Amino acid sequence: RYIIALEKLQKVKNQHPYSSQATEAQLRIGDVYFLQENFSEAAATYEAFKDLHPKHPKLGYAAYRVGYAFFSDMPGNHARDLTSAFRAEEAFKEYLYQFPQGEFSADAKKQLAESRRAIAEKEMYIGRFYFKREMWEAAKGRFAKVVSQYPESPFAEEAQKRLKEIESKPAEKTE
């Protein structure tokens, strides 16, 4: 009964905008969107909560849920658009910076690592595509990015090997 819950929470928020219940309602609205798997709306609601209530005791919860919403919105296939992975990475870094010992730190670290792994996997996927087509400079850029920005990923070693292979390849033909 998500629609009814949203209506009631919106009513509390609108009729009593300066009450503590309105603040709590705003968080719960984000939770309802999340439960509906409307992750972009959930993230936007949590971000609005953070902006409107920068000193609230549940700020850590909202900050974590922003990242978790983006993380939950990541596609299962690395060949798809990973904008949500980049946004999850950014949100988790922000959460860990603001709340290094926070209640959700352990989960945030795991999900940050998984987001970064997905991004590195996408870079390797694109790099391999260019490598197969002997587009050495394009492949080199992707592999170098994995090595420099995602050295902890399981793909860094392969990227390093591919970079060494590219060094021995002839220059690309320009036609």
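## Close-up views of a predicted helical model

**Figure 1. Ring pairs link Phe34, Phe39, Tyr46, Tyr61, Tyr64, Tyr68, Phe71, Phe92, Tyr95, Phe99 and Phe104 into a cluster.** The model shown in this and the following views is predicted. In total, the structure holds 13 aromatic pairs. One of them joins Tyr61 to Phe104 in a tilted arrangement, with 6.0 Å from centre to centre and 55° between the planes. Because Tyr61 belongs to helix 4 and Phe104 to the loop between helix 5 and helix 6, this pair ties together parts that are 43 residues apart in sequence. Phe104 has a relative accessibility of 17% and therefore counts as buried. A further tilted pair is formed by Tyr64 and Phe92, with 6.0 Å between the centres and 40° between the planes. Here Tyr64 comes from helix 4 and Phe92 from helix 5, so the pair ties together parts 28 residues apart in sequence. Both partners are buried: the relative accessible area is 5% for Tyr64 and 0% for Phe92.

**Figure 2. Helix 4 packs against helix 6 at an angle of about 35°.** The axes of the two helices are 11 Å apart, and helix 4 passes helix 6 in a left-handed crossing. On the side of helix 4, the contact is made by Tyr64, Tyr68 and Phe71. Helix 6 contributes Asp107, Ala108, Gln111, Glu114 and Ser115. By residue class, the contact of helix 4 with helix 6 divides into 4 nonpolar, 2 polar and 2 charged residues.

**Figure 3. Helix 5 spans residues 83-98 and has buried residues along its course.** With 16 residues at 1.5 Å a residue, helix 5 should span 22 Å; its end C-alpha atoms are 23 Å apart, which agrees. The buried residues of this helix are Ser84, Ala85, Ala88, Glu89, Ala91, Phe92, Tyr95 and Leu96. An α-helix has 3.6 residues a turn, so residues three or four places apart point the same way. Among the elements that cover the buried residues of helix 5 are helix 4 (59-72) and helix 6 (105-132).

Figure 4. Leaving aside neighbours within four places in sequence, Ser84 is in contact with Phe70, Asp73, Met74 and Pro75. Not counting residues up to four places away in sequence, Lys93 touches Leu112 and Arg116. From C-alpha to C-alpha, Lys93 and Leu112 are 7.4 Å apart in space, while 19 residues separate them in sequence.

**Figure 5. Helix 2 comprises residues 20-35 and is covered in part by helix 1, helix 3 and helix 4.** This helix has 16 residues and reaches 23 Å from its first C-alpha to its last, close to the 22 Å expected at 1.5 Å a residue. Its buried residues are Ala22, Thr23, Ala25, Gln26, Leu27, Ile29, Gly30, Asp31, Val32, Tyr33 and Phe34. What covers these buried residues includes helix 1 (2-15), helix 3 (39-52) and helix 4. Following helix 2 is Glu37, a residue with a positive phi.

**Figure 6. Glu37 and Glu134 are loop residues with positive phi.** Glu37 is found in the loop between helix 2 and helix 3. Its phi is near 65°, a positive value in a residue other than glycine. Glu37 has a relative accessible area of 61% and is therefore exposed, the cut-off being over 50%. Glu134 has its place in the loop between helix 6 and helix 7 (136-149). Although Glu134 is not a glycine, its phi is positive, at about 60°. With a relative accessible area of 53%, Glu134 is exposed as well.

Definitions and conventions
Residues are numbered from 1 along each chain as its sequence is written. This is a predicted model: local features need pLDDT of at least 70, side-chain atom pairs count only at pLDDT 80 or more; totals for chains, interfaces and linings use all residues. Side-chain values use heavy atoms; hydrogens and water are left out. Helices (H or I, at least four residues) and strands (E, at least two) are DSSP runs, numbered from the N terminus. Contact means heavy atoms within 4.5 Å. The expected span of a helix is 1.5 Å times one less than its number of residues. Buried means under 20% relative accessible area, exposed over 50%, partly exposed in between (1.4 Å probe, protein chains only). Axes are lines fitted to C-alpha atoms, for helices over the stretch in contact, and angles run from 0 to 180 degrees between N-to-C directions. A crossing is left-handed if the near helix is turned anticlockwise from the far one by less than a right angle, and right-handed if clockwise. Ala, Val, Leu, Ile, Met, Phe, Trp, Tyr, Cys and Pro count as nonpolar, Asp, Glu, Lys and Arg as charged, and the others, Gly among them, as polar. Rings of Phe, Tyr and Trp (its six-membered ring) pair if their centres lie within 6.5 Å; planes under 30 degrees apart count as stacked, over 60 as edge-to-face and the rest as tilted.
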